[in-house]
Amino acid sequence: MSIHQDGPTGVTTEALHRRAAELDRQDPLATYRDHFIGTDTPLSYLDGNSLGRPLKRTADDVAAFVRNEWGGRLIRGWDEQWLAMPQAIGDQLGRAVLGAAPGQTIIADSTTVVLYKLLRAALAAVPDPDRNELVLDTGNFPTDRYLVEGIALEEGLTLRWIDPDPAAGVTLDQVRQATGPRTAVVLLSQIAYRSGHLADLPGITAAVHDAGALVVWDLCHSAGSVEIGLDGADVDFAAGCTYKYLNGGPGSPAFAYVNARHLPALNQPIWGWMGRKDAFEMAAGYEPAAGIRGFLSGTPAIFGMIAMQGTLDLIEEASMAAIRTKSVALTAFAIDVFDAWLAPLGAELASPRDAGERGGHITVDHPDFSKATVEALWDGDVIPDFRSPHGIRVGLSPLSTSFAEVLDGMAAIRDRLQG
Ligand SMILES: Cc1ncc(COP(=O)(O)O)c(C=O)c1O
């Protein structure tokens, strides 16, 4: 089969190339791509939802930090600036990305650790002993499931599993059915890590509250790809990664959001000196710092915060509304290319077709896809990721991905299937 063969949809390869070029020409965010390292090469990066590309600015910001602040100010840097960064950058993230008023968001730990702390804090905020169920879903990211399973063991609680359609995600009806007078806390991802399904965050949050329970949202795949109104939806607790769409770099710290309503009685389980009031008094006994600062445990990771600050500045300038519009256009284009090239070869779309239910990535399943397929793509500088049992996940980072890059990457996936 020639690589120029067209699918039964009748869209020619030339037409797809023309369309990609036209979409790039009309893209109001197209110039943002120039801010990222490596976007001037032919490499097709389809995994910014695992690890975002670095900004060019980050190389300069980190070098300047090492030379001037770390190198120049030494330990004085903590008092002068660094100790305030988890809250200052948390507030910027809240404003630019999360729809959260100041004082509720902080940068700390890793997502896994933050989720553990939030889940325990949520449980502490539900003192009713009859509420002994934790609700979770089989499609959630492994760390989320393991955490809830571990906490259920620690606390003697019961797990109530939702089993979503793997090509979609958790629905409002499923949450209504799974929650009730025994529910304490519900943990869900706003965007499913495999299918890219975008959950109804406001509707589900309201349903959990109607059941008298609290909700913790994992925003790893939504922070920086969709508009999120945490305050508007009255979300209780939320957490997410900063190394995906926020480009904080490998292992950059996570963020935690605690609704102001829960802050006065916030009871998180890892009592460290950084979360204590007057940390440097080093006094006997733990008394939490007031507000979101009491969520901290240990010394903040400064490098990742420097890197993510560059992206937060870009997001504020571009606006999340424009970023979401481009994200929808990118995934819609990827689905059109899927229909033209991959569906005729027996691939299945394991993601929602409805843009209102879709986040920033799609997954394509084919019985012939394996880790080896993705390794071969990586060798050819086309970089999606593999999701078992036989899925290729195509992640489209709105600020750094071009439509031509999507087309090139999907052409390479098609060529692998054609053998
Ligand atoms: C949806 C989701 N939740 C949680 C995590 C875990 O994050 P971390 O490894 O930074 O703790 C990830 C990591 O990719 C993720 O994608």
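**Stop 1: a serine in a loop.** Select Ser-222, which sits in the loop between E6 and strand E7 (237-240). Keep in mind as you look that this is a predicted model. Is Ser-222 buried or exposed? Ser-222 has a relative accessible area of 0%, and a residue counts as buried when that value is under 20%, so Ser-222 is buried. Gly-359 and Ser-222 are 137 residues apart along the chain, yet their C-alpha atoms are separated by 7.0 Å.

**Stop 2: the strands.** Next, select strand E6 (residues 214-218) together with E5; the two run parallel and are joined by five bridges. Look for Val-185 in E5. The bridge partner of Val-185 in E6 is Leu-214. Which residue has Val-185 as its bridge partner in E5? Leu-134 does. To see the pairing there, select strand E3 (residues 133-137), which pairs with E5 in the parallel sense over three bridges.

Stay with E5 for a moment and select residues 183-189. How many of the seven residues of this strand are buried? Seven of the seven are, so strand E5 is largely enclosed by the rest of the structure. While the strands are on screen, here is a handy general idea: in a regular strand, side chains alternate between the two faces of the sheet.

**Stop 3: around the ligand.** Now select the ligand and show the residues around it, including Ser-110, Phe-141, Asp-144, His-221 and Tyr-243. By class, this shell has four nonpolar, five polar and three charged residues.

Zoom in on the oxygen atoms of the ligand. For Lys-244, a polar side-chain atom lies 3.0 Å from an oxygen atom of the ligand. At Thr-111, look at the backbone instead: a polar atom there is 3.4 Å from a ligand oxygen. How much of the ligand does the protein bury? On its own the ligand exposes 390 Å², and the protein buries 83% of that. Color helix H5 (111-124) and helix H6 (142-155) next, the elements that give two or more residues to the shell.

**Stop 4: two cysteines.** Finish by selecting Cys-220 and Cys-241, which are both among the residues around the ligand. Cys-220 is buried, with a relative accessible area of 8%, and Cys-241 is buried too, at 4%. How many disulfides does a search of the whole structure find? The search finds zero.

Terms used:
Residues are numbered from 1 along each chain as its sequence is written. This is a predicted model: local features need pLDDT of at least 70, side-chain atom pairs count only at pLDDT 80 or more; totals for chains, interfaces and linings use all residues. Side-chain values use heavy atoms; hydrogens and water are left out. A residue is near a molecule or strand if one of its heavy atoms lies within 4 Å of it. A polar contact is a pair of N or O atoms within 3.5 Å; within protein, one must be able to donate a hydrogen and the other to accept it, and residues adjacent in sequence count only if both atoms are side-chain atoms. Accessible areas come from the Shrake-Rupley method with a 1.4 Å probe; for residues, only the protein chains shown count as cover. Helices (H or I, at least four residues) and strands (E, at least two) are DSSP runs, numbered from the N terminus. Ala, Val, Leu, Ile, Met, Phe, Trp, Tyr, Cys and Pro count as nonpolar, Asp, Glu, Lys and Arg as charged, and the others, Gly among them, as polar. A disulfide is a pair of cysteine sulfur atoms within 2.5 Å. Buried means under 20% relative accessible area, exposed over 50%, partly exposed in between (1.4 Å probe, protein chains only). Two strands pair if DSSP finds at least two bridges between them.
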